[in-house]
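Hi everyone, and thanks for coming.

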Amino acid sequence: METINLEDLFEAKLAKNEMIEPKDWMPENYRKHLIRQISQHAHSEIVGMLPEGNWITRAPSLRAKLILLAKVQDEGGHGLYLYTAAESLGITREEMLDALLTGKAKYSSIFNYPTLSWADVGAIGWLVDGAAIMNQVMLQRSSYGPYSRAMVRICKEESFHQRQGYEIMTQLSFGTSEQKEMAQDALNRWWYPTLMMFGPPDVESPNSENAIKWRIKRETNDQLRQRFINQTAIQVEYLGLVAPDKNLKWNEKKQGYDYSDPDWNEFKSVIKGNGICNKDRLLSRNNSHKNGEWVREAAIAYGKKQEQESKAA
């Protein structure tokens, strides 16, 4: 009887662009990589609710408030989809949340910057969600089935978020001089942190090689960053704003923009917990988790009651 080599079977599926499903055999390092990436993605969605949630009560119109409420609610849903996908790899929701709340797990560095004006809400939608879409569209073809399928709906909703942000920036840029100044200030502060979202340069990224090899990701950090800049530089020009990068210039030879790298020392510092809002973000999440304890307890008690009644029937 011929012995089936499970690793060869795994590699053959990847080669044929077939999905790896929860019940399939997978290398332990592949499973660990996915847990780290998907759970950190989920954490980013949940923590990402905080900077914009800060402006719900101060939105400039009822329409703006309703749209922002819908967006923040979407982010909570994205976290739910992603935690569920990660659970299919054998980790519990409690373990993931504990890692977030104790600071052991990372989330996107971008959410450790403050939202100082309404223009920041626009900049987050336009730049941050624009970068997220650039990252996440390829994840719809991720080799892990539950992750891939979760990204389909997430990307559709992120597209709405990006349009919402760009609409705000358009209104401000073509508004009064004071409004345009707000838009420019937001662009100045969010430009480089957004470029950091794609991760460190490929030569310094410890996880990119395996992510590409296992087809979890389809493009590298630098490829995605370049594409984002090529797309966004045109939008900056249309808005009549100026990117805070003197080296941003079209390069005909490479058919892309030359640009200045972000301050990678700042990136590393924020990742280590030294960003402007790191401590506030974790404190907010811990307070919310504690304040919601009674809801979790009630849900568990209700579930047990339903189970008992079902058995008794």
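Let me begin with a definition: helices are DSSP runs of H or I with at least four residues, strands are runs of E with at least two, and both are numbered from the N terminus.

Two short notes on where the values come from. This is a predicted model, in which local features need pLDDT of at least 70 and side-chain atom pairs count only at pLDDT 80 or more, while totals for chains, interfaces and linings use all residues. Residues are numbered from 1 along each chain as its sequence is written, and side-chain values use heavy atoms, with hydrogens and water left out.

Now the overall picture. The protein has 13 helices and two strands. Its radius of gyration, taken over C-alpha atoms, is 21 Å, close to the 20 Å from the globule rule (2.2 Å times the number of residues to the power 0.38) for 313 residues, so the protein is as compact as a globular protein of that length. Along the principal axes, the C-alpha trace spans about 70 × 50 × 30 Å.

How much of the protein is buried? Of the 313 residues, 48% count as buried. Here buried means under 20% relative accessible area, exposed means over 50%, and partly exposed is in between, with a 1.4 Å probe and protein chains only.

Contacts are next, meaning heavy atoms within 4.5 Å. Among contacts with a separation of 6 or more, 77% are between residues 24 or more positions apart.

Back to helix H7. H7 has 29 residues and reaches 42 Å from its first C-alpha to its last, close to the 42 Å expected at 1.5 Å a residue. That expected span is 1.5 Å times one less than the number of residues. H7 also bends by about 25° at valine 152, where a bend is the angle between axes fitted to the seven residues ending at a position and the seven starting there. Our lysine 156 counts as exposed because its relative accessibility is 63%. Its C-alpha is 9.4 Å from that of valine 137, which is 19 residues away along the chain.

H8 covers residues 177–196, and its 20 residues should span 28 Å; the end C-alpha atoms are 30 Å apart, which agrees. Where is the kink in H8? A kink of about 35° lies at tryptophan 190, shortly before proline 193. Tryptophan 190 is also one of the buried residues of H8, and Ala183, Leu187 and Pro193 are among the others. Which helices do these buried residues pack against? They pack against H6 (118–136), H7 (145–173), H10 (221–239) and H11 (264–274).

A word on cysteines. A disulfide is a covalent bond between the sulfur atoms of two cysteines. Searching the whole structure for cysteine sulfur atoms within 2.5 Å of each other turns up zero disulfides. Cysteine 155 counts as buried because its relative accessibility is 6%, and cysteine 277 is buried at 7%.

Next, some backbone angles. Most residues other than glycine have a negative phi. Asparagine 17, however, has a positive phi of about 60°, and it sits in the loop between H1 (6–15) and H2 (28–47). Glutamine 255 has a positive phi too, near 55°, in the loop between strands S1 (249–251) and S2 (256–258). Asparagine 17 is partly exposed at 47% relative accessibility, and glutamine 255 is partly exposed at 46%.

Finally, two buried residues. Leucine 14, in helix H1, is buried with a relative accessible area of 2%. Beyond four places in sequence, leucine 14 touches Ile20, Ser143, Lys213, Trp214 and Arg215. Alanine 59 belongs to the loop between H3 (49–53) and H4 (62–87), and is buried with a relative accessible area of 14%. Leaving aside neighbours within four places, alanine 59 contacts Ala64, Lys65 and Trp118.
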